[in-house]
Amino acid sequence: MAVATEVRTPEVRRTAVDSRYRRGPGRWLVLAAAVVVGLAVLAPFGIMLLNAFKSPQDYAANGPLSLPSGLYLDGVVAFWERVDFPVKLWNSVFISAVVAVLGALLSLLNAYAIGIGRVKGRLWIVALFLLANMLPQEALIYPLFTMAQSVGLSNSQWSVIIIFTVIQSAFGTYLLSSVLGTFPPALLEAAQLDGASRWRILWQVVFPIVRPTLSVLMIFFFIWTWNEFFIPLVMLTSNDTQTIPIALASLQGDRMMDAPTINAGSLVSLVPAVVFFLIFQRTLTRGVTAGAVK
Amino acid sequence: MADSTLTAQRSRAQQRPRARGTRRRRAEWVGYLPYLLPGAAAFIVVIGYPLMTNVYFSLFKWRGGMAPLRWNGLGNYVDLLGDDKFWTSFGNSLAMIVAMVLVPTLLGLVLAAVLFDYLGRRFGAQVSSVLRATYYLPQILPVAVAGVLWNWILNSQTGALNEILRGMGVAAPPNWLGDPTTALPSVMLVLIWVQMGYPVVIFMAALQRVDPELYEAAELDGAGWWDRFRAITVPQIRPETFVVTLTCTVAALKVFGPIYVLTRGGPESSTLVPSYYSYLNFFDKSQVGYGSAIATVLTLVIVVVAVIILGLQSRSERREREGV
C-alpha cells in the first residue's frame with residue numbers, strides 16, 4: 001500500500017500522508033484502546049486459567065488474581081469423575097458428527113432439487129426452510145417431547161440427532177440452493193448428453209464440485225450442534241446420554257462445586273470447541289471462498 | 001435423458017424457441033421431486049407438525065402427560081394479556097436486543113473499521129487479525145459453558161469479581177446476579193461479551209470488498225477517519241449490517257441458554273425472557289397449554305420482526321439501485 005501511494009501522489013502530499021501514517025501519538029492511543037478491549041474479552045479466560053489449578057485454600061487466602069502456589073489437580077479430577085467426562089465427550093462428538101453428516105446430506109438432496117432441478121415454487125420452499133431456522137425451539141419442544149415418548153425415543157440421542165439434522169439442514173438448504181443455482185449449466189448438459197441419470201449426475205458431477213462448501217457446512221453443523229443447549233436439556237434426561245454443556249450446567253448450584261472445580265470444568269468443557277475451531281479454521285476460510293468462486 | 005429426444009427438442013427449438021423452454025423445463029423439474037422427498041418428510045415431522053400441535057395445545061388447559069386436555073379456547077391468550085410476568089419477559093427481550101444487537105453491532109462497526117482502516121494499515125495486517133481472533137473467541141465456545149464461567153465470576157460470595165473488589169477495599173460489593181437491580185445489566189454485559197465478535201468478523205470480511213483506493217482518495221482529499229467511516233465504511237457494508245441485525249435480533253428474541261445458566265429468570269423475574277417463561281410453564285409449573293401460548297406468541301413476534309427487517313432490507317436495496 002505504501003508503494004502505491006508513493007507512485008501515485010505528488011511529492012508534497014506524500015510527505016503529509018506519510019507523516020500521518022508513521023508518526024503521531026494518535027495511532028498508539030487507538031492501538032492501546034483496541035488492545036484494552038481485547039484484554040477485557042480475554043479476562044474471564046485468564047481468570048479461569050489462573051483458578052482452574054489452584055487449591056481452595058490458596059483461593060481463599062490469595063484471591064482470584066494470584067498465580068497458583070502449586071499445581072492443584074483435584075478440581076479437574078473431581079469434575080472429570082463427577083460428570084464422567086469421557087462419556088459426555090463421546091455423546092457430544094457422536095451427536096454432533098452424525099448431525100453434521102446427515103444434515104449435509106439432506107441439504108445436498110434438497111438443494112439439488114431446488115438449485116439444479118429448479119422445482120416449481122422453490123422460492124417458497126427456501127423461504128419456508130429459512131423460517132424453520134428462525135423458529136423458537138420452545139414452539140416445537142413439547143410436541144417433539146411427546147412424540148419422542150410415543151415412539152420410544154425419550155431420552156434417546158437419536159431424537160436429538162433427528163431434530164438437529166432437520167433444523168441445521170434448513171439453513172444448509174438455503175445456502176446450498178443458492179450455490180447450486182449458479183452451477184455451470186454446461187457441465188450438466190454434457191453429463192446429460194452422456195446419458196447420465198440424475199442420481200449419477202448428483203454424485204459424479206455436482207458432489208465433487210460442491211465438496212468444499214459441504215465440508216464448511218459440516219463444520220458449521222458440528223459446532224452449532226455441539227453448542228446447542230435447550231433441546232438436549234429437555235430431551236436428554238439421564239447421565240449417560242447428556243452432552244458436555246448440559247453436564248456442566250447441571251453441576252451448577254451443587255454445593256460441592258468449589259472454585260477450582262467450576263473453573264477446571266469450564267476449561268475442560270471448552271477445550272474441545274477451541275481445538276476443533278483451530279483445526280478447521282483453515283478449511284472454513286478456504287471452503288467459503290471456494291464455494292463463492294464456483 | 002436420451003440423445004434422440006434432446007436432438008429432437010433442439011430442432012424444434014430452432015423453430016419455436018419460446019415453447020421449448022417451458023415444455024422442457026416442466027418435464028425436467030418433476031423428475032427432481034424425489035430428491036425433495038426426504039427433506040419434505042423430515043421437515044413435516046420435525047417442524048411443521050410440532051408447530052401446529054403447539055398452537056393446538058395452546059387452546060387447552062393441560063397439565064401435560066396423561067392428564068386430560070380441557071378446552072380453553074383463547075383463554076390462555078386472554079390470561080397472557082393480564083400476566084405481569086409475560087409483559088416483563090417481553091420487556092426484557094428489548095434489553096436482550098440492546099445487549100445482543102444494538103451494542104454489539106455499533107461496537108462491531110467501530111472496531112471493524114478501526115482494525116481494518118486504521119490499525120491494519122499502520123501496524124500491519126497481522127495485528128488486526130490477532131485482535132479480530134481475540135474478539136471472536138467467546139463466540140466459539142458453548143454459550144452454556146460461558147454462562148457457567150460468568151455465573152461463578154459474578155457470584156456474590158466466592159466469585160472472582162467480588163473477591164477482587166473486596167481486595168481493593170470495597171466492603172459490600174453488589175450481589176451482581178442476585179439483586180433485581182443489577183441482575184439484568186449484568187446479564188446484558190455477559191451477552192455483549194459473548195456477541196461482540198460476530199459483527200466484527202462479518203464486517204471485516206465485508207470491508208475486504210471495498211476498493212482501497214476509495215479510502216486513499218478520501219484520505220488524500222483530507223477526509224478524517226470519521227468522515228471516511230461515515231461516507232465509505234457504513235454505506236459499503238450495509239448488506240452485512242442487515243444480515244447481522246436480522247440474525248442477532250432473532251437470536252436475542254430466542255435467548256435461553258445464558259438466562260438458564262446465569263439467573264434462571266430471577267431474581268423476582270427481573271431477567272425473565274419469553275423462552276424461559278414458556279420453559280417454566282412446560283416443565284416446572286406443568287401448565288403446558290399456557291406455555292404453548294407463550295411460545296406461539298414468541299413465534300409470531302419473531303416472524304413479524306424478521307419480515308419487517310427483511311422488508312427494510314429490500315427497500316434499502318431498491319433505493320440504492322435507484323440512486324445509482
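A crossing of two helices is left-handed if the near helix is turned anticlockwise from the far one by less than a right angle, and right-handed if clockwise. This model is predicted, so local features need pLDDT of at least 70, side-chain atom pairs count only at pLDDT 80 or more, and totals for chains, interfaces and linings use all residues. Residues are numbered from 1 along each chain as its sequence is written, while chains are lettered from A and ligands numbered from 1 in the order in which they are written.

Chain A is divided into domain 1 (2-72) and domain 2 (83-251), with bounds from an automatic or database domain assignment. Taken over C-alpha atoms, the centres of the two domains are 39 Å apart.

An unreviewed UniProt entry annotates residues 28-50, 89-111, 123-145, 157-180, 201-226 and 261-280 of chain A as "transmembrane region"; such annotations may be inferred rather than shown by experiment. Residues 201-226 of chain A are 100% helix, with end C-alpha atoms 33 Å apart. Residues 261-280 of chain A are also 100% helix, and there the end C-alpha atoms lie 29 Å apart. Helices are DSSP runs (H or I, at least four residues) numbered from the N terminus.

Between the chains, helix α3 (residues 26-52) of chain A packs against helix α5 (residues 125-140) of chain B at about 30°, with axes 9 Å apart; axes are lines fitted to C-alpha atoms over the stretch in contact, and angles run from 0 to 180 degrees between N-to-C directions. The pair is therefore roughly parallel (under 35 degrees). The crossing of α3(A) and α5(B) is left-handed. A:Ala34, A:Gly38, A:Val41 and A:Leu42 meet B:Leu131, B:Thr134, B:Tyr135, B:Leu137 and B:Pro138, contact being C-beta atoms, placed from the backbone, within 7 Å.

Conventions
Helices (H or I, at least four residues) and strands (E, at least two) are DSSP runs, numbered from the N terminus. Angles under 35 degrees count as roughly parallel, over 145 as roughly antiparallel, 65 to 115 as roughly perpendicular and the rest as oblique. Two residues are in contact if their C-beta atoms, placed from the backbone, lie within 7 Å.
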